[in-house]
Amino acid sequence: MSSMTLAAEQDAAPEDAEDGVWLACIECGATFAPFDAVRYRCDDCDGLLEARYADPPTFEDFEGEGVWRYSAALPFDEGVSLPEGNTPLHYVPRLEESVGVNTLRVKHEGMNPTGSFKDRGMTVGVRVAEELGVDRLACASTGNTSAALAAYGARAGLETLVLLPAGKVAAGKVAQASLHGARILEVDGNFDACLDIVQDLAERGEAYLLNSLNPFRLEGQKTIGLEILEEFYADEGRYPDRIVLPVGNAGNTAALFKCFRELVRSGQLDADEVPRLTGVQAEGAAPMVEAVENGWDHTERWDEVETRATAIRIGNPVNAPKALPGIRETGGTAVAVSDEEITDAQRSLAAEGVGVEPASAASVAGLRKLRDRGVVGDEEDVVCLTTGHLLKDPDAAAEAGGDPEPVPNDTDAVLERLGN
Ligand code: F0G
């Protein structure tokens, strides 16, 4: 049976496991020692790799706070930390009412140290980089990964290199990468082209790649799912029916699916308790939605992509082979939303005090659309993931918000302006 099902059996640790951890190819099942060499894909078939554990954890194994609370589910006990995780699961009563579901909670990953969920992956990825003894870290990025890599690399005292699509990265993210000391190369091409180049550099041994193609990044991001399940259960006495999230490279979708598979294997969750993974993309960059709608097990690369939600302006989601089974196996779906729908959702979240960047608001826009279509029922308990902070993209926020009004330097004139 494929390893990418909720029902898959726990496999025995192979000989090359280290402390109960190994890497396995999701396509051919080949296994590899986790830290004897730098490896991003299967030596035999080029398939994607994932970390496997001899003892997948239950909630009883967790203690402490943040990402490293979940060390029983991670390859190490601690790592370079700023610290990350432990983000709020907001109540949004007005939005819940207007969308029309039983429960709506918003997991605001913008509250991580560099303002996005990428920090969860970086704390683990940089720990692995230290284990491997590499000296230069690199990534392609639509912005947030570069900010996180720059900060965690700086913290670890490692050189960082980021490749960005020229002119298509929000101002806050470039500023972060720059101030944290990354070398920034702006490529005349989109994110997918940047990722092609970084993969070439990594293959030539020029840098250690910390995009979500790196299986250890996803181990850190898995903790989003663990936090959601623990906190939702503590508040509501049950697990959510559905988790809705924006999709770009599909790393988070893959990470959440892996989280659920491990909890089912450890006996912590029943397969029918697993939330439906529901991915949202922008209409101008929706290869995952295309694949889900057509029942494909792969995505077709979109060469031309465009959306105001620049974080998810991606046409070739590298983690699709891990994420598509996640959507299918959990009974989820995927939906595309327009830039206008994204901006509306950004305003609705802001009206509840939750400030997010455009890509993040795609989750709420997608939920609204699926609710309108009747795909999501009014009895459902839903968690929307908001992946990045409002200040990441100040231009988009200013455009979505109201305009400042110039007034004279005079109280009476101010009162007049206020309409008194
Ligand atoms: N939301 C935000 C704010 C992001 O920055 C990203 C990805 C996603 C959603 C999509 O997540 O790739 O796991 O499906 N940003 C990457 C970057 C590509 O370079 O910062 P995914």
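Me: Which residues line the largest pocket?

Reply: Start with the general idea. Rolling a probe the size of a water molecule over the atoms shows where empty space is left. This model is predicted. In its largest pocket the lining is V38, R39, Y40, R41, D46, Q199, A202, E203, L209 and L213. The space in this pocket is about 240 Å³.

Me: Which helix gives the most to the lining of the largest pocket?

Reply: That is α5, residues 191–203. This helix supplies 3 residues. Here is a general point about helices. An α-helix has 3.6 residues a turn, so residues three or four places apart point the same way. Keep that in mind as you look at the model.

Me: How do I read the lining of the largest pocket by class and by domain?

Reply: Count the classes, then check the domains. The pocket lining has 5 nonpolar, 1 polar and 4 charged residues. Domain 1 (1–55) and domain 3 (118–212) each give at least three residues to it.

Me: What is the volume of the second largest cavity, and which residues line it?

Reply: Its volume is about 90 Å³. The lining residues are Q10, D11, E50, A51, R52, Y53, P56, K258, R261, E262 and R265. The class count for the second largest cavity is 3 nonpolar, 1 polar and 7 charged residues. At least three lining residues come from each of domain 1 (1–55) and domain 2 (89–113 + 218–400).

Me: Next, the ligand. Which residues are the closest to it?

Reply: The ligand has 20 residues around it, and the closest are S141, N144, G248, N249 and T387. In the side chain of K118, an N or O atom is 2.9 Å from a nitrogen atom of the ligand. Backbone atoms take part too. An oxygen atom of the ligand lies 2.8 Å from a backbone N or O atom of T145. At N249, a polar backbone atom is 2.7 Å from an oxygen atom of the ligand.

Me: How much of the ligand's accessible area does the protein cover?

Reply: Compare the ligand on its own with the ligand in place. On its own, the ligand has 480 Å² of accessible area, and the protein covers 99% of that.

Me: One last feature. Which residue caps the N-terminal end of helix α13?

Reply: For α13, residues 411–418, the cap is D410. A side-chain oxygen of D410 lies 3.3 Å from the backbone nitrogen of D412. Then look past the other end. G419 follows α13, and the phi of G419 is positive, near 90 degrees.

Notes. Residues are numbered from 1 along each chain as its sequence is written. This is a predicted model: local features need pLDDT of at least 70, side-chain atom pairs count only at pLDDT 80 or more; totals for chains, interfaces and linings use all residues. Side-chain values use heavy atoms; hydrogens and water are left out. On a 1 Å grid over the protein atoms alone, a cavity is a set of points where a 1.4 Å probe fits but cannot get out, and a pocket is an open set with protein on both sides within 12 Å along at least five of seven lines; lining residues have an atom within 4 Å of a point. Grid points are joined across faces, edges and corners, and a volume is the space filled by probe spheres set on the points. Ala, Val, Leu, Ile, Met, Phe, Trp, Tyr, Cys and Pro count as nonpolar, Asp, Glu, Lys and Arg as charged, and the others, Gly among them, as polar. Domain bounds come from an automatic or database domain assignment. A residue is near a molecule or strand if one of its heavy atoms lies within 4 Å of it. A polar contact is a pair of N or O atoms within 3.5 Å; within protein, one must be able to donate a hydrogen and the other to accept it, and residues adjacent in sequence count only if both atoms are side-chain atoms. Accessible areas come from the Shrake-Rupley method with a 1.4 Å probe; for residues, only the protein chains shown count as cover. Helices (H or I, at least four residues) and strands (E, at least two) are DSSP runs, numbered from the N terminus.
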